[in-house]
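Take a walk through this structure, one chain and its contacts at a time. Begin with the view below.

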Amino acid sequence: MKTLGYFPGCSLEGGGIELDLSVRAIAKAAGVELREIEDWNCCGASAAHSLNHSLAVALPYRVLSLAESQGLSEVLAPCAACFSRLKGTQVRLTRSPELSQRMQEVVQRPYQGGVRIININEFMASLLEAGLAQKLTRRLGLKVVAYYGCLLSRGQDIVTGDDAEDPKGMEAAIRAAGCEALPWNSANECCGGGFSMSKTGAVLDLSQAVLDEARAAGADAVVTGCPMCHSNLDMRQLELVKRRRVPGALPILYLSELLGLAAGLEPVALGLDRHFIESRGLVRGGV
Amino acid sequence: MARIGVFICHCGENIGRTVDCAAVSAAAAKMPGVVVGVDYKYMCSDPGQQMIRKAIIEQKLTGVVVGACSPRMHERTFRAAAAEAGLNPYLLEMANLREHCSWVHSNQAEATQKAIDLVRVMVAKVRRDRALRPIRVPVEPTALVVGGGIAGIQAALDIAAGGKKVVLVESGPSIGGHMARLSETFPTLDCSQCILTPRMVEAASHPNITLMTYSEVASVEGFVGNFTVTIRRKARYVDPAKCTGCGDCFNKCPIKKIPNKFDAGLGQRRAIYVPFPQAVPNKPVIDAAHCTMLQKGKCGLCAKVCPRGAIDYQDQDRLEKVKVGAVVLATGFQLWDHAAYGEYGGGRLRDVIDGFAFERLASASGPTGGLIKRPSDGKEPQTVVFLQCCGSRDDKVGKKYCSKICCMYTAKHAMLYRHKVHEGRAVVFYMDVRAAGKGYEEFVRRAIEADGAEYVRGRVSRITRRRDGKLVVRGADTLAGRPVTIEADLVVLADAVVPRPGSEKLAQLFGVGYDQDGFYSEAHPKLRPVETAAAGVFLAGACQAPKDIPETVSQASAAAAKVLGLFAKPELEREPVIARVNRTTCAHCRACISACPYGAAKDFDIVDRAGKILRAVADVNEGLCQGCGTCASVCRSHSVDLDGFTDEQIHAELNAL
Amino acid sequence: MSGTKEHALAKAARETAGVVLSECYQCGKCTAGCPMARYMDLSPNQIMRLAQAGDDAALERLLGCEALWYCAGCLTCAQRCPRQLDPAAVMDLLREMAHRRGKIPAAARKVLAFHKAFLATVEHGGRMAEIPLVLRYKMKSLDFLGDAALGPVMLAKRKLPLLPHCIRGRGEVRRIFKKCREEHRP
């Protein structure tokens with residue numbers, strides 16, 4: 001059985017729990033063991049790099065160091081922000097021995113630079129390559145839009161192997177799940193990110209724009225990879241529906257949930273019952 | 001027995017203030033082989049030159065050293081004076097006591113000693129100088145002009161007007177180039193074809209000009225004054241001698257929907273076609289890739305309807321050799337492909353077009369008869385957004401340089417659109433408006449003030465197509481400090497100007513250099529803008545760098561002037577400071593042939609009287625050799641030497657120090 | 001580099017943010033693509049311009065503006081900048097300076113309060129903890145009623161851990177915070 005290091009990140013223990021449940025479920029179905037990094041700490045997310053550039057590197061550094069010392073050479077970080085912070089730090093440390101040295105002094109742990117961080121899209125693609133497609137027996141037949149948001153499309157040295165302006169990293173997985181990935185205009189538009197509480201108005205404006213585009217494209221659901229995006233599009237969609245800023249409810253699914261459903265797993269096991277926008281109906285429509 | 005004369009110039013105060021010229025000439029007089037040592041205020045003046053001439057004759061000098069300014073200033077002057085006195089000019093050398101001595105030192109004693117040393121070095125050299133004769137190379141007084149756009153046409157007309165013959169080669173079926181595609185030209189808004197077509201006709205009918213359209217340069221041999229160029233005459237499948245241009249063939253051709261390159265893909269042509277109605281020559285060609293007769297042997301309609309029997313399906317490419325003395329490269333430019341900008345639709349949005357496409361929309365003889373229409377649905381756009389600098393001034397995607405012409409043609413496009421759609425809105429997103437030519441600034445102000453174009457300073461971040469067909473353009477107004485979103489019906493991108501495909505290969509055929517962007521390299525960016533490193537090959541137009549029509553025409557006339565200068569004498573005289581191979585010691589290792597940057601070193605067979613090859617050696621083409629000395633330095637057997645700078649001379653100079 | 005004149009901010013931008021300010025030619029593509037630009041008092045290109053100027057008056061405007069706090073870190077500016085610069089990184093640098101200086105514009109205080117609440121929970125237990133974060137944030141921002149209905153719903157959906165998870169290495173994390181804070185003392 002293949003083993004992969006696993007960094008859930010803080011949101012996957014709370015608001016993004018569906019992502020954790022569905023990633024673990026689909027990994028299990030695909031025969032991949034996810035070994036959680038022991039005693040991992042928060043990556044710092046937006047808050048650290050917003051206020052202290054040393055802290056912004058030191059917190060991910062500790063995580064990388066732990067992973068390396070635990071023999072985990074490849075680590076999956078499903079949260080797009082965690083992925084961006086961890087991989088970004090990994091790249092910077094590789095490029096600057098001075099930075100590495102400084103971080104070693106701050107964190108008091110060694111790190112040789114040998115950990116590879118992958119994101120949820122890369123993980124799903126690798127599962128497909130390893131034969132997951134055979135296990136996707138339930139053809140869902142949905143028309144969806146693939147929403148990459150900011151951190152699964154941009155960051156030149158961080159998101160590699162995909163086109164930042166026309167990302168396609170989710171498409172193979174969506175097709176393997178028997179769904180159609182519709183062309184649309186907001187694949188990499190920002191949802192408002194971390195401003196959910198501190199500048200809610202911006203999140204409502206930006207998320208509404210994404211939902212409008214998804215609806216205009218004729219989507220049954222929006223597929224995303226980031227718990228921040230999911231929260232903004234799902235939890236905050238209630239507000240938009242209440243204020244009649246959007247005509248109706250559009251389900252927001254994690255890519256791992258979509259694949260989990262296609263693999264015949266129960267929606268509750270994947271966390272679909274915890275969404276704010278009812279999503280379990282998507283399966284009944286499937287073949 | 002050497003009898004050297006040394007003449008030291010004070011150059012007024014330039015040398016005299018720092019170097020004790022009298023001391024130098026006195027010291028020189030005592031050097032071995034020197035019989036005369038004098039100094040004078042201004043050696044280059046008439047009396048100064050007279051001194052030299054007098055000394056040569058009276059003292060029977062065998063060589064002269066003039067200690068003065070840089071040879072780049074007056075070597076020619078002094079050598080001419082020597083020649084007048086009957087001394088071979090290559091037996092006169094200059095010691096640079098100004099740029100190399102008085103102008104870079106301040107200590108008098110040290111400068112004077114250095115001047116004496118410099119003179120001693122040159123005396124040692126002159127003693128080993130040999131009399132040299134200038135090399136004479138015959139000149140074929142025919143020019144080749146590659147490229148039939150306005151640059152090539154102008155150059156050809158000017159050379160022809162100077163009484164010399166021209167072969168004008170154009171790869172397309174007709175001459176005219178991009179200028180034939182334009183609607184109106186800035187800053188006068190002249191109808192482009194109206195001012196161009198008279199020249200096209202003149203070029204075609206001038207007795208001194210031979211037009212070779214639908215042809216390309218295949219290979220090049222030779223050197224300045226004596227090029228042999230092989231031209232591939234592509235198969236037209238139509239005999240131009242029989243064809244009258246009546247058009248029956250293309251009116252009947254059943255293959256109708258081939259996107260027309262002339263119209264930037266907005267219009268269509270047939271498999272047998274003339275690229276535009278005003279084509280010169282007005283004779284069609286068959287596009288073999290799309291012709292069912294040539295591909296599958298079916299149809300043959302054009303041959304059936306042609307009243308003159310001019311169609312010839314058996315036609316083949318032919319190679320034709322021409323002998324020319326000079327070449328003008330005028331291959332022009334094309335627009336960069338904006339598909340590289342994913343944020344602008346990646347080339348997939350039909351209503352996001354480039355500048356040439358807009359020209360064809362605006363042109364009265366274009367695919368829409370001069371009406372501005374959206375390519376997607378044919379509707380008239382009510383809001384048109386123009387983006388400047390698309391692919392230019394960009395380190396990330398596209399080119400670093402400024403493409404020069406786009407600010408002007410965009411202002412023109414905005415004006416033309418506003419003239420045609422009176423209630424329409426024209427918005428131009430710019431970074432800097434570059435309008436430096438005559439009447440250009442006034443033209444742009446007219447676009448803004450008289451014709452209502454809206455200029456917003458800021459680049460556009462993204463263009464998306466909404467379901468209702470509108471293009472959402474997200475730009476910025478940097479001066480007001482805010483983002484600006486425009487809902488457009490049509491977007492025109494001012495794509496970067498880049499050289500044409502195949503231009504690099506052509507440059508290599510002629511030995512012309514090009515930069516990292518593929519533009520041809522001029523010999524000197526300031527003072528020699530139409531010459532290249534290859535003697536006899538000149539440049540005109542946008543193939544050298546982006547430029548507008550007035551500059552192109554000027555450059556073309558300049559290139560023509562250079563050609564006519566070259567042709568003014570039946571023979572070219574070249575400096576005899578060139579390499580020479582000692583055939584006895586040459587082992588034919590070919591190191592010099594590989595090393596020569598000018599392709600002047602070549603293989604040479606030594607034959608006996610019966611013509612049997614005895615052995616091969618290296619040899620130097622006197623017409624191409626530039627006297628750089630690279631061959632001499634790589635030759636392992638010391639078989640190559642440089643006349644005027646022999647190994648012996650250089651060693652003597654070093655020893656004299 | 002020997003010929004260029006660099007003021008203090010330009011030096012900091014180059015060393016910390018990896019941005020050579022003189023390379024910005026004010027094209028505005030950053031402003032054009034910024035999803036938060038419509039909420040900003042200074043547009044991203046204006047921030048770059050004032051940073052280029054770098055004099056005391058410019059710095060005063062920069063450090064006192066709201067725009068710094070509204071950057072979403074979406075990387076659109078860095079992705080599309082034709083000079084390959086990173087305006088978001090310059091914003092990070094300026095924000096850090098503004099925070100150190102202490103004078104935050106009123107409209108942006110909620111954003112700072114959120115970041116500080118977030119980091120406080122990480123410093124405490126090694127990971128972000130939702131309930132302590134929300135409590136701290138509401139205390140600092142005095143926004144008690146906002147999103148009040150969401151709490152119970154999140155709990156019911158089991159998306160809100162009741163007890164924060166404190167890692168074994170929380171002492172390490174605390175020491176990291178302390179060291180990083182010291183580095184940034186003016």
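What percentage of the 186 residues in chain C do buried residues make up? The share is 46%. A residue is buried if 20 or more other C-beta atoms lie within 10 Å of its own, with C-beta atoms placed from the backbone.

The model is predicted: local features need pLDDT of at least 70, side-chain atom pairs count only at pLDDT 80 or more, and totals for chains, interfaces and linings use all residues. Residues are numbered from 1 along each chain as its sequence is written, while chains are lettered from A and ligands numbered from 1 in the order in which they are written.

Stay with chain C. Chain C has 10 helices and 0 strands. Helices are DSSP runs of H or I with at least four residues, strands are E runs of at least two, and both are numbered from the N terminus. The order in chain C is α-α-α-α-α-α-α-α-α-α, read from the N terminus. Along the principal axes, its C-alpha atoms fill a box of roughly 60 × 35 × 30 Å.

Now the contacts. Two residues are in contact if their C-beta atoms, placed from the backbone, lie within 7 Å. In chain C, 69% of the contacts with a separation of 6 or more join residues 24 or more positions apart.

Turn to chain A. Here 45 residues of chain C contact 39 residues of chain A. On the chain C side, α5 (76–80), α6 (87–101), α7 (109–125), α8 (130–141) and α10 (170–183) each supply at least two residues. That side divides into 21 nonpolar, 10 polar and 14 charged residues. Ala, Val, Leu, Ile, Met, Phe, Trp, Tyr, Cys and Pro count as nonpolar, Asp, Glu, Lys and Arg as charged, and the others, Gly among them, as polar.

Chain B also touches chain A, with 5 residues from chain B and 5 residues from chain A. The chain B side has no nonpolar residues, 3 polar and 2 charged.

Methods. Buried ≥ 20, exposed ≤ 12 C-beta atoms within 10 Å, placed from the backbone.
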